[in-house]
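Colleague: I would like to learn how to read helix packing and pockets in a model. Could we work through one case?

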Amino acid sequence: MKKNNSQNKPYYSQRNNQLKPEGACNVTSMINALSSAGWPVSKLGTKKYPQPEDALMNFMMNDNTVLVAWRKIDPAGSYPPNEWHAILALGTNLWLRANGLLCQYKNAVEFREDVTAEDVTRTIDNGGAVVCTGRFITAQKKTIGHVVCVVGYENDGNEKTFVLDDSWGDYHDGYVTQNGNDIRMSFADFTSLLRPCGSARKMGHIVSMFKEC
């Protein structure tokens with residue numbers, strides 16, 4: 001069985017972002033997830049920030065509700081708002097609502113710390129996607145924290161393989177390949193590379209399929 005919710009939809013790379021391209025894997029992965037789940041994010045760019053991932057980053061860096069919540073979690077400002085998972089989910093939901101895409105009192109994104117492989121598969125079967133964080137090795141043998149989007153899976157009855165939209169490129173060659181559209185991730189890599197590494201339960205943003213209000 002195969003399913004890929006990102007087929008025939010845009011792939012977003014953080015490498016061409018206007019705002020903090022090397023630190024935008026989180027918002028860009030969120031845009032990849034929303035796009036895969038059918039949200040019309042390509043229309044949400046602004047005159048100043050035509051790319052939706054930049055528009056989302058700008059919103060998260062300036063929205064008062066986001067900043068109040070961020071300061072409660074990180075009063076010292078050790079990490080920017082987009083790098084806190086709870087704030088990323090909050091900011092994305094607020095951004096969608098501010099753009100008239102999200103019904104009142106409903107959320108498109110739910111952050112959890114107990115996401116299983118079965119949860120990922122179920123989310124994809126329901127038309128959604130999942131944003132996860134992990135630890136990857138670059139071609140220079142440097143370990144990096146990085147966020148990716150799971151948009152599909154393949155299951156031949158023996159082993160499950162997940163399909164990623166990785167905004168930085170292909171982790172298999174240490175990101176020498178900069179196109180990260182539809183990257184295959186084995187179940188073993190899913191378990192070992194995505195956080196908490198080695199655990200069956202992951203930190204993940206469940207992104208629901210788009211439904212009009």
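Colleague: At what angle do α1 and α4 pack, and how far apart are their axes?

Modeller: This is a predicted model. The angle between α1 and α4 is about 55°, and their axes lie 11 Å apart. Angles from 65 to 115 degrees count as roughly perpendicular and those under 35 as roughly parallel; α1 and α4 are therefore oblique to each other. Their crossing is right-handed.

Colleague: Which residues make the contact?

Modeller: From α1 come Asn 26, Val 27, Met 30, Ile 31 and Leu 34, and from α4 come Leu 88, Thr 92, Trp 95 and Leu 96. Sorted by class, this contact of α1 with α4 has seven nonpolar and two polar residues, with no charged ones.

Colleague: What volume does the second largest pocket have, and which residues line it?

Modeller: Its volume is about 190 Å³. Among its lining residues are Trp 39, Leu 101, Leu 102, Cys 103, Lys 106, Met 209 and Glu 212. By class, that lining divides into six nonpolar, two polar and three charged residues.

Methods: Residues are numbered from 1 along each chain as its sequence is written. This is a predicted model: local features need pLDDT of at least 70, side-chain atom pairs count only at pLDDT 80 or more; totals for chains, interfaces and linings use all residues. Side-chain values use heavy atoms; hydrogens and water are left out. On a 1 Å grid over the protein atoms alone, a cavity is a set of points where a 1.4 Å probe fits but cannot get out, and a pocket is an open set with protein on both sides within 12 Å along at least five of seven lines; lining residues have an atom within 4 Å of a point. Grid points are joined across faces, edges and corners, and a volume is the space filled by probe spheres set on the points. Ala, Val, Leu, Ile, Met, Phe, Trp, Tyr, Cys and Pro count as nonpolar, Asp, Glu, Lys and Arg as charged, and the others, Gly among them, as polar. Axes are lines fitted to C-alpha atoms, for helices over the stretch in contact, and angles run from 0 to 180 degrees between N-to-C directions. Helices (H or I, at least four residues) and strands (E, at least two) are DSSP runs, numbered from the N terminus. Angles under 35 degrees count as roughly parallel, over 145 as roughly antiparallel, 65 to 115 as roughly perpendicular and the rest as oblique. A crossing is left-handed if the near helix is turned anticlockwise from the far one by less than a right angle, and right-handed if clockwise. Contact means heavy atoms within 4.5 Å.
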